[in-house]
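Please open the structure in your viewer and keep the selection tool at hand.

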Amino acid sequence: SLVPFALVSIGYFLLHRALAPLPATGAYALHLNGEIFKTLALYLKWSLLPADWQQRTSHPMAGKLILWSEILCLIVLVVLELRRRRRVAGFFAAWFLVTLSPLLPLSGHRSDYYLTIPVIGFGMLAGWAVTCAWNFPGRPAPDRRWQLIPVAAVVIYLAGMVPVARSATAWWHSRAEAVRAMVLGVQAARRTHPEKAIVLDGVTTDLFNNGIGHSPFYPLAISDVYLTSGSELTIQPVPDLADLRDIVLEPAVLKKALTQDRVVIYSISGDHLRNITETYRRSASEHLGHRLPGRVDLGNSLYSWLAGPEWLPLENGFRWMPQRATVRMRGPDSVGNKLSLDGYCPEEQLQRSSRQIVVSVDGIVIGSSRIKSPESTFHRLFFLPDVLVGREAVEVEIRVDPVETIGNRELGLVIGRVELLPASTHR
């Protein structure tokens, strides 16, 4: 009865391999070599003793004693059950190996959360064995002695897991409390200032990685939450989180928003947020400076004062340009700087006609490029001429051809971000 399911699985695997080949490099590349056995041994260890035992306890020797005692109990238990011809014990051991086997070639990406399903096999084995030991009356005396092994195994396992589980729970609770206080504080600030952007000051690396980097305000329908200028200098984000550049406001942008009374600034102080807008406003001219930003997010209303009059109105976080549009920003700081351009063009428009863009800075053409289907989301880098270095302000002009006219609107491209980048940046 399982044959049809196996055939479906094999067919899916072959189809997946054809459409999405396995990566040859990186963390998810498969390594079919002797590392598989090292990975298996590591996962066996983590199944019986927490991976972070030494980080959360001060008893490394106790950890080794617990681990080897559990391994010995497991071996004896499986051997005894098989000698009694109770093959169900073999099923439980097979559960662990079979569900873990697809992950063993991933020696470059070992993680304890991969054990969530495999350790069910050990759990079933322990439950089965303890049940058998509980029903030992009437058995011969030697048999009764061996039946105590599964009870000892469970006790030893709990001796290793419970202290670490309590420590880890307290650690996660501490991290969660800081995020909870921040999110509830932002929620209260939004109720108090419904029309203003919220800017947080004093965000630490931990608070960003545990909270802000995971977009915690989205489920509450709270947008326009940013970090103060300079936060990027003290925060070290982990990979695969929200882009810090999208969250930290440029100094000139924050200063302009304060002048226009469009933002409120809250400092994270212990378990609550404190409104420091007026204090921050009084010192803004000193620590925010006067230079124009080196990045313009055209989909953000706080950057609208840097967009030329040609741009179409802002729409839900994006902005269309007609055939020609301009942006003001500061000039490059050093020789070899590049101008980065990120944008979007609907696929159906690109299928009708590709787009040619020409980019100029202060009247100097710095490059052109063609955007073709299916590149609906595009990214371009252009070298900036040395003559622009050090200028307080430059005007970036973007031209696109052809454009489409829909209703009374001339639609060229959606431009998301224009940004100055150092020379070391690659395409």
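The stops below move from a sheet to the nonpolar cores and then to a single loop residue.

This is a predicted model, in which local features need pLDDT of at least 70, side-chain atom pairs count only at pLDDT 80 or more, and totals for chains, interfaces and linings use all residues. Residues are numbered from 1 along each chain as its sequence is written, and side-chain values use heavy atoms, with hydrogens and water left out.

**The sheet.** Select strands E7, E12, E9 and E10, which form, in that order, an open sheet of four strands with antiparallel pairing. Strands (E, at least two residues) are DSSP runs numbered from the N terminus, and two strands pair if DSSP finds at least two bridges between them. At the edges are strand E7 (324-329) and strand E10 (364-371), each pairing on one side only. Next, select strand E9 (residues 355-361) and strand E12 (residues 394-401), an antiparallel pair with six bridges. Here Val358 is opposite Arg399 in E12.

**The cores.** A nonpolar core is a set of buried (under 20% relative accessible area, 1.4 Å probe, protein chains only) Ala, Val, Leu, Ile, Met, Phe, Trp, Tyr and Cys residues joined through side-chain atoms within 4.5 Å. Select Leu254, Leu302, Leu339, Leu413 and Ile415, the residues with the most contacts inside the largest core, which has 47 residues. Apart from that core lies another of 25 residues, including Tyr43 and Ile66.

**The loop.** Finally, select Asn300, in the loop between strand E5 (295-297) and strand E6 (320-321). Why is Asn300 classed as buried? Its relative accessible area is 11%.

Notes:
Buried means under 20% relative accessible area, exposed over 50%, partly exposed in between (1.4 Å probe, protein chains only).
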